[in-house]
Structure formats: structure tokens, C-alpha cells
Amino acid sequence: MAVSKINIPYVPHLVHIETTYACNQECIFCYNPNRSMHIDLNIIDEIVQKVYESWIPHVYLIGGEPSLLGTDKLNEYIELLSTRSSVTIVTNGQVYLDGLSTKLACIGVPIHGVGELHDLHANKPGSFKKAKDSITKYVARGFDVRCIPVLTKINYMHMSEIIKFAKDMGMESVFVDRYEDGGVGSVRSDELKLSLEQFDIALDQMIEARDKYNIPVGWGTAIPFCLNEKMVTHNMKADCGAGVTFAAINPFGDVRICNQSEQIYGNILSEPFHEIWHKKELDNFRNLKWAKKTICAGCNSICDCMCGCKVDASVPGEYSVDYSVRQNETRPNFVDKIDEIVEKQYPEIECWRKFSLNRYTRLHDQTPEQYLITRYQTILLDDDAAQLLKLIIELGLKSEEALFLHSQNSFHRIEINNFVTDLISAGAVDLV
């Protein structure tokens with residue numbers, strides 16, 4: 001249970017700003033505590049400014065429903081934040097945001113099923129048609145639109161159908177959020193929470209559809225590594241960054257480890273973010289003592305997996321081991337061999353490759369750590385990698401050969417090849 005393995009960055013890599021809890025849907029699974037709240041733009045303005053000043057690599061503008069703030073106000077936030085962060089908006093698509101800033105990295109739109117199945121989850125007839133119309137317009141404008149269904153006991157047999165719909169619509173990826181037992185949605189837990197068998201069926205459909213329709217598919221929420229070996233062998237692993245690389249800020253400025261958690265550690269309107277992030281009170285979560293007498297204790301992957309989702313309305317106390325793990329009596333042996341299963345292999349490169357820097361790529365060096373920031377990822381860099389990335393950015397280098405020559409022979413050719421391979425894999429550069 002060694003807490004020393006958990007490295008806490010100066011600030012989280014990703015922050016969700018809950019711009020409002022107001023919403024124009026009543027989704028049956030939602031944690032939202034107050035759909036009818038008043039929107040106070042003055043407070044949200046200040047929260048966005050504080051996040052901007054904190055140099056957060058990735059920022060999501062979510063809700064409730066952020067489209068209720070209007071295009072002009074959202075564009076104001078995007079224009080400011082995008083100078084330092086990769087910015088994503090998560091919207092239900094019921095209001096099309098005409099004229100949305102093209103500096104936005106991604107638009108996440110939840111589609112929980114095709115047709116009436118989506119409307120059932122949204123608890124709103126006609127919701128699917130409006131969301132589909134918005135997606136069509138966003139894709140036509142050139143936005144990267146991500147499908148973010150919530151996986152429930154009701155739609156688990158329809159994952160393949162949802163993924164095909166996303167592909168046909170021109171959406172860039174599908175990231176599935178498994179239903180979690182929290183907030184107002186917890187009152188319907190019995191009809192929404194998946195069994196292990198239902199999860200396995202959904203996972204099989206996700207893997208098969210990903211490969212069949214050639215679209216990225218993954219998890220948007222934490223899934224314990226031990227649920228199914230295919231999570232590892234088929235590259236569907238989803239760790240949990242809550243309280244480690246991820247935080248959420250509610251419409252009043254309160255900072256929590258994630259959207260589902262009700263535990264507040266400070267307020268960004270009155271305290272610097274990095275001071276809140278390093279408070280001793282957070283050690284009660286990060287030291288993992290709450291998992292000491294659970295099945296997760298002693299697992300080699302505990303500091304990465306972090307026991308899946310830790311917020312559960314059905315369990316007393318601040319944190320708990322993921323509900324699906326509690327359904328298991330033993331931990332599968334493959335979990336202790338994950339590093340062997342996913343060992344990275346680099347291809348042999350026979351000739352120099354040419355590339356162009358992706359417009360979302362930047363070197364983040366405003367905190368004690370140095371990071372590669374791409375449209376969707378934050379990647380910690382060592383000094384050598386930061387040096388190479390800086391050469392590419394500052395000198396406008398467009399080939400491995402040029403990078404090799406300008407690095408003054410400090411690196412072997414294979415090191416340059418492997419570094420560029422990593423950049424391509426992360427979406428930091430595009431092959432020419």
C-alpha cells in the first residue's frame with residue numbers, strides 16, 4: 001500500500017469546470033443535484049480566470065448543460081483557456097451552438113442508444129433527433145466530436161449499434177462512461193447498475209465494434225483492471241486519475257477529486273489551486289488506507305488502477321472500492337502481470353520520416369514538471385524528451401533527420417526514431 005508510488009503533479013492534468021447544474025434534460029442516471037439552479041456568470045467568469053492562471057493542461061467545460069450559457073460566453077472561455085489548455089465541451093446537443101470557436105479541441109455528445117433507447121435514458125422524447133442534428137452540424141464544421149454514452153443495464157446489449165452510429169455520423173471516437181452509483185441517479189441503481197456478466201457482454205461488443213468499424217473506442221470512467229483480462233490484452237484499460245491527475249470544480253468554485261464526489265477540499269475563488277491540490281487533507285484519499293482491508297490491498301496495480309470508481313452512494317464513508325470489484329471474490333492472476341502483457345514494442349524504421357506539428361501540440365513547462373500537451377493527452381517528459389520537443393517547436397523541424405542533426409549527435413538514431421514514434425502515437429505530430 002505504498003503511497004510513494006503515487007506521484008502527485010503540481011496541478012492536475014485535467015480539470016472539469018461544472019459551469020452550471022442547470023439542465024434541459026432529466027437523464028435517469030445523472031448525478032446532477034440541482035437541474036433548476038440559477039446560472040451566475042460572474043462566479044463562472046472568476047472560476048475560469050483562476051483555472052487559466054493555474055496553467056491546467058486540459059480543461060472540460062461541462063454541466064449540467066453548458067450550452068445554456070450561450071455561444072458568446074462559451075467562446076469567451078474557450079478563447080482564454082485555449083491559450084494555455086486543450087479545451088473540450090461536453091453538451092447533450094439539445095441546443096446547437098452556432099458559431100462555436102474553432103479553438104475548441106473536442107465536443108463530447110452523449111448518445112446512449114439509437115432512437116428511442118437514447119430518449120429513454122435522457123428522459124426526454126425527441127432528444128435523440130436533436131442531438132443527431134447537432135452532431136451533423138458540428139461534424140460538418142470540422143469539429144472533432146466524441147460520442148460519450150453512459151453504459152447501463154438497459155443499453156449494454158447495444159454498444160455495437162451505438163459505435164456504428166458514431167462512425168456513420170463521422171464522430172472521432174467513442175468513450176463509454178459506465179453508470180456509477182452516485183447523486184440523484186442512485187435512486188434507480190437497481191435498474192441501471194451492471195452485473196459482471198453484462199459488463200463482459202458490453203466489453204466484447206466494444207472491442208469487436210472498435211476493430212470492425214475502425215474507430216477509437218475506450219472508457220471515459222475508471223474501470224478496475226481486474227474485471228476482465230481483455231481490458232489489458234485488447235488495450236481497453238482505464239485507470240482513475242481522481243485526486244491524482246484529475247479534479248472537478250463545481251459552479252461555486254469548490255474543488256473535489258471528481259464530479260461524483262461530495263467531499264470538498266477548498267475553493268478556487270479564495271485559495272490558489274496548487275495549494276488546494278497539495279493539502280494534507282487529500283492524503284486521507286491518496287494514502288489508500290481506505291482500501292487496506294479490501295480485495296485491492298496488495299495488488300501490484302493499485303496505484304494505477306486506484307480501485308476503480310471510489311464514490312458509491314450505497315456505501316457509507318467518503319471512499320470505497322469499485323462496486324464491480326466487490327462482486328468478485330478473488331483477484332485474477334493476470335492483474336499482477338500487466339506490465340509483461342503490455343510491454344511496448346517499437347517498430348524498426350528504415351528511412352527518415354517527415355512530419356508536421358499538430359496545431360494542439362505544445363510543451364508545458366510552467367510547472368515543476370514538463371509535459372507534452374496534445375489535443376487529448378498530457379504526457380510527462382524527462383529532460384531529454386523535453387529537449388527534443390523544444391527543438392521541434394522552436395526551430396520548426398519537420399523530419400527525423402533534421403531533429404537528429406540539430407540534437408548535436410546527443411542521441412542515437414534509434415532514440416530519435418522511438419521518440420518520433422511516440423509523438424505520432426500521441427497525436428503530437430502528423431506524418432507527411
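This is a predicted model: local features need pLDDT of at least 70, side-chain atom pairs count only at pLDDT 80 or more; totals for chains, interfaces and linings use all residues.
**Entry 1: Glu-18**

Residues are numbered from 1 along each chain as its sequence is written, and side-chain values use heavy atoms, with hydrogens and water left out.

Buried or exposed, I asked of Glu-18? Glu-18 is buried, at a relative accessible area of 0%. I use buried for under 20% relative accessible area, exposed for over 50%, and partly exposed for in between (1.4 Å probe, protein chains only). I then listed what Glu-18 touches, leaving out residues up to four places away in sequence. Among them are Tyr-31, Ile-44, Ile-249, Pro-251 and Asn-259, and Arg-256 is on the list too. Contact means heavy atoms within 4.5 Å.

Glu-18 sits in strand S1, residues 14–18. Helices (H or I, at least four residues) and strands (E, at least two) are DSSP runs, numbered from the N terminus. S1 is mostly covered, with four of its five residues buried. S1 pairs with strand S2 (residues 58–62) in the parallel sense, over five bridges. Two strands pair if DSSP finds at least two bridges between them. The bridge partner of Glu-18 in S2 is Ile-62, and Ile-62 is also one of the residues that Glu-18 touches.

**Entry 2: Ser-261**

Next I followed Arg-256 to another of its contacts. Ser-261 touches Arg-256 and Val-311, once neighbours within four places in sequence are set aside. Ser-261 lies in the loop between strand S10 (254–256) and strand S11 (266–267). I found Ser-261 buried, with a relative accessible area of 4%. Ser-261 and Val-311 are 50 residues apart along the chain, and their C-alpha atoms are separated by 6.0 Å.

**Entry 3**

Which way do the residues of strand S4 (residues 106–109) point? Cys-106 and Gly-108 point one way, Ile-107 and Val-109 the other, and all are buried. Strand S3 (residues 86–90) runs parallel to S4, joined by three bridges. Thr-88 has Cys-106 as its bridge partner in S4. S4 also pairs with strand S5 (residues 145–147), in the parallel sense over three bridges. There, Gly-108 has Arg-146 as its bridge partner in S5.

I stayed with Arg-146. Arg-146 is buried, at 11% relative accessible area. Its side chain makes a polar contact of 2.9 Å with the side chain of Ser-173. Beyond four places in sequence, Arg-146 touches residues including Tyr-60, Met-171, Phe-175 and Tyr-376.

**Entry 3: Glu-76**

I checked Glu-76 in helix H2 (residues 71–81). Glu-76 is partly exposed, at 42% relative accessibility.

I turned to an open sheet of three strands, in the order S13-S14-S15, with antiparallel pairing. Strands S13 (362–364) and S15 (378–381) stand at the edges with a single partner strand each, so one side of each has no neighbour in the sheet. Neighbouring strands here are turned by 30° against each other on average, direction ignored. Axes are lines fitted to C-alpha atoms, for helices over the stretch in contact, and angles run from 0 to 180 degrees between N-to-C directions.

S13 and strand S14 (residues 370–373) pair over three bridges. His-364 has Tyr-371 as its bridge partner in S14. What packs on the sheet? Helix H14 (residues 383–395) does, touching S13, S14 and S15, and its direction makes about 140° with that of S13.

**Entry 4: the whole chain**

Last, I took the totals. I count 16 helices and 16 strands in the chain. The C-alpha atoms fill a box of roughly 65 × 50 × 50 Å along the principal axes. Buried residues make up 55% of the 432 residues. Of the contacts with a separation of 6 or more, 71% join residues 24 or more positions apart.

Notes. A polar contact is a pair of N or O atoms within 3.5 Å; within protein, one must be able to donate a hydrogen and the other to accept it, and residues adjacent in sequence count only if both atoms are side-chain atoms.
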